[in-house]
Amino acid sequence: MAVKRKTEAGAPAFTGAQLLTFDRYRERRDLLGVLLDKDQRYTFFEVDALIDNFMKGKVN
């Protein structure tokens, strides 16, 4: 899955493992465990975009 990286200058980035511990994403931990690479760094904007793209996907 290709993700366009649209980052804001100075936006904090966190590893996938760190993001799984945040209360902000507690309802989506299972989904993020699959979508995120634990060692790659993501901003909140990127994570929210990944979740939105996944949720808009069609079921076969």
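Helices (H or I, at least four residues) and strands (E, at least two) are DSSP runs, numbered from the N terminus. By that rule the protein has 3 helices and 2 strands, in the order β-α-α-β-α along the sequence. The model is predicted, so local features need pLDDT of at least 70 and side-chain atom pairs count only at pLDDT 80 or more, while totals for chains, interfaces and linings use all residues. Residues are numbered from 1 along each chain as its sequence is written, and side-chain values use heavy atoms, with hydrogens and water left out.

**Surface and contacts**

- Of the 60 residues in the protein, 25% are buried; buried means under 20% relative accessible area, exposed over 50%, and partly exposed in between (1.4 Å probe, protein chains only).
- The protein exposes about 4,700 Å², and carbon and sulfur atoms supply 51% of this area. Accessible areas come from the Shrake-Rupley method with a 1.4 Å probe; for residues, only the protein chains shown count as cover.
- Contact means heavy atoms within 4.5 Å. Among contacts between residues at least 6 apart in sequence, 48% join residues at least 24 apart.

**Nonpolar core**

- In soluble globular proteins, nonpolar side chains tend to be buried together.
- A nonpolar core is a set of buried Ala, Val, Leu, Ile, Met, Phe, Trp, Tyr and Cys residues joined through side-chain atoms within 4.5 Å.
- The largest such core here has 11 residues, including F14, L20, Y25, L32 and I51.
- Helices α2 and α3 each supply at least two residues of this core, and the largest share, 3 residues, comes from α3.
- Setting aside neighbours within four places in sequence, L20 is in contact with R29, L32, G33 and K38.

**Aromatic pairs**

- A pair of aromatic rings is described by the distance of the centres and the angle of the planes.
- Rings of Phe, Tyr and Trp (its six-membered ring) pair if their centres lie within 6.5 Å; planes under 30 degrees apart count as stacked, over 60 as edge-to-face and the rest as tilted.
- The structure holds 4 aromatic pairs. In one of them, the ring centres of F22 and F44 are 6.1 Å apart and the planes are at 55 degrees, so this pair is tilted.
- F22 is in the loop between α1 (16–19) and α2 (29–35), and F44 is in helix α3 (residues 44–55), 22 residues away.
- Y25 and F44 also form a tilted pair, with 6.2 Å from centre to centre and 40 degrees between the planes. Y25 lies in the loop between α1 and α2 and F44 in α3, so the pair ties together parts that are 19 residues apart in sequence.
- Y25 is buried at 3% relative accessibility, whereas F44 is partly exposed at 24%.
- Ring pairs link F14, F22, Y25 and F44 into a cluster.

**Charged side chains**

- A charge sits over a ring if NZ of Lys or CZ of Arg is within 6 Å of the ring centre and within 35 degrees of the ring normal. The charged end of R24 sits over the ring of F44, 4.2 Å from its centre.
- The count of salt bridges is 1; a salt bridge is a side-chain nitrogen of Lys or Arg within 4 Å of a carboxyl oxygen of Asp or Glu.
- D48 and R24 form a salt bridge at 3.0 Å, N to O. D48 lies in helix α3 and R24 in the loop between α1 and α2, so the pair ties together parts that are 24 residues apart in sequence.
- D48 is partly exposed, with a relative accessible area of 26%.
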